[in-house]
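Please look over the sequence and the model before reading on.

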Amino acid sequence: MTVDATITTLLCVLMIECFMLALVVMTIWKISAKGEFVPFFGGVFVYLAFTLCVKGIIDMLVALAASNSTAIEGLLFRGTTNNPTAFYAVGSVVLTVALETLGRFLGYRCVHKTRTDRRTAVSFGLGFGAAEAIVTVGLTALMYFSYAVSINEGGGLDALLATLTGSDADALRQVGDELAALTAADCVWMIVERAARLVAQVALAVMVFASVHDAEQRNLLWIGAGVQLVCLLPLTFYQIGGAVPQMAAEITLIAGAAALAVLAWRAYHQLPAPKTYEGRTRYL
């Protein structure tokens with residue numbers, strides 16, 4: 001078995017998008033609007049600290065508690081669909097949204113408390129989105145692309161399996177099965193989804209920034225979290241068992257990202273415009 005050239009190419013595009021899209025946009029933002037790179041790296045730090053580290057610790061503790069106590073599971077699942085997979089998946093999404101919102105808020109209150117320029121929000125959001133893309137999809141896309149190239153250049157999956165034994169062979173066989181099940185449509189949807197998620201992350205960053213620095217826009221903190229939750233839940237149900245069609249889940253995400261972008265655009269332009277300088281004359 002070899003991997004279709006179209007799938008390999010699309011995996012390469014997805015990998016490059018995850019690693020480079022936010023950085024390219026940040027570079028354009030830096031050149032065109034004089035946005036700073038410091039908040040960009042602040043967004044990366046906040047994502048890793050809250051969504052990756054803190055959420056990882058909480059997930060581990062919850063899983064450990066549930067595995068050691070059937071009574072806890074009975075209490076948690078009583079009155080629900082009694083589906084632990086669905087329960088934990090939904091809980092994980094809620095926790096992710098809560099921690100990301102908290103991270104953005106504390107990022108502006110603590111990490112970048114002296115930066116009140118509205119351009120900070122865009123840079124921060126691009127950094128946040130860059131970290132999310134690399135951690136959640138980029139590394140996996142890199143692994144799949146590497147395996148696909150190795151399989152094609154090594155004469156096929158069976159030829160490579162013949163050179164391996166034990167756990168290495170099992171791991172390669174599993175990846176091979178996943179690559180064989182992957183379709184061009186799946187890859188295209190993932191590419192579109194990553195772009196939509198980056199738009200959503202920047203928009204959410206702007207909305208939280210506006211809620212922190214403008215008393216009249218404080219409700220944007222909760223509005224953004226609510227829209228983000230609505231966007232992610234259909235994807236979660238699709239991923240854990242196909243309860244929601246893929247197209248419906250992806251369209252919901254795209255529509256939600258567009259709605260967030262509109263809200264963020266309005267919020268951004270209600271904030272004070274940054275001061276610019278030309279020669280010795282100051283313009284507001």
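## The second largest pocket

Lining the second largest pocket are 14 residues, and those nearest its centre are Trp 29, Val 122, Val 202, Val 206 and Trp 265. A pocket here is an open set of points on a 1 Å grid over the protein atoms alone, where a 1.4 Å probe fits, with protein on both sides within 12 Å along at least five of seven lines, and lining residues have an atom within 4 Å of a point. The lining has 13 nonpolar residues, 1 polar residue and no charged ones (Ala, Val, Leu, Ile, Met, Phe, Trp, Tyr, Cys and Pro count as nonpolar, Asp, Glu, Lys and Arg as charged, and the others as polar).

The model is predicted: local features need pLDDT of at least 70, side-chain atom pairs count only at pLDDT 80 or more, and totals for chains, interfaces and linings use all residues. Residues are numbered from 1 along each chain as its sequence is written, and side-chain values use heavy atoms, with hydrogens and water left out.

## The largest pocket

The largest pocket holds about 1,100 Å³ of space. Its lining comprises 41 residues, with Thr 136, Val 137, Glu 193, Arg 197 and Gln 239 closest to the centre. By class, 22 of the lining residues are nonpolar, 10 are polar and 9 are charged.

## A bend and a positive phi

Val 137, one of the residues closest to the centre of the largest pocket, is also where α5 bends by about 45° (the angle between axes fitted to the seven residues ending there and the seven starting there; helices are DSSP runs of H or I, at least four residues, numbered from the N terminus). Just after α5, Gly 155 has a positive phi of about 90°.

Conventions. Grid points are joined across faces, edges and corners, and a volume is the space filled by probe spheres set on the points. Helices (H or I, at least four residues) and strands (E, at least two) are DSSP runs, numbered from the N terminus.
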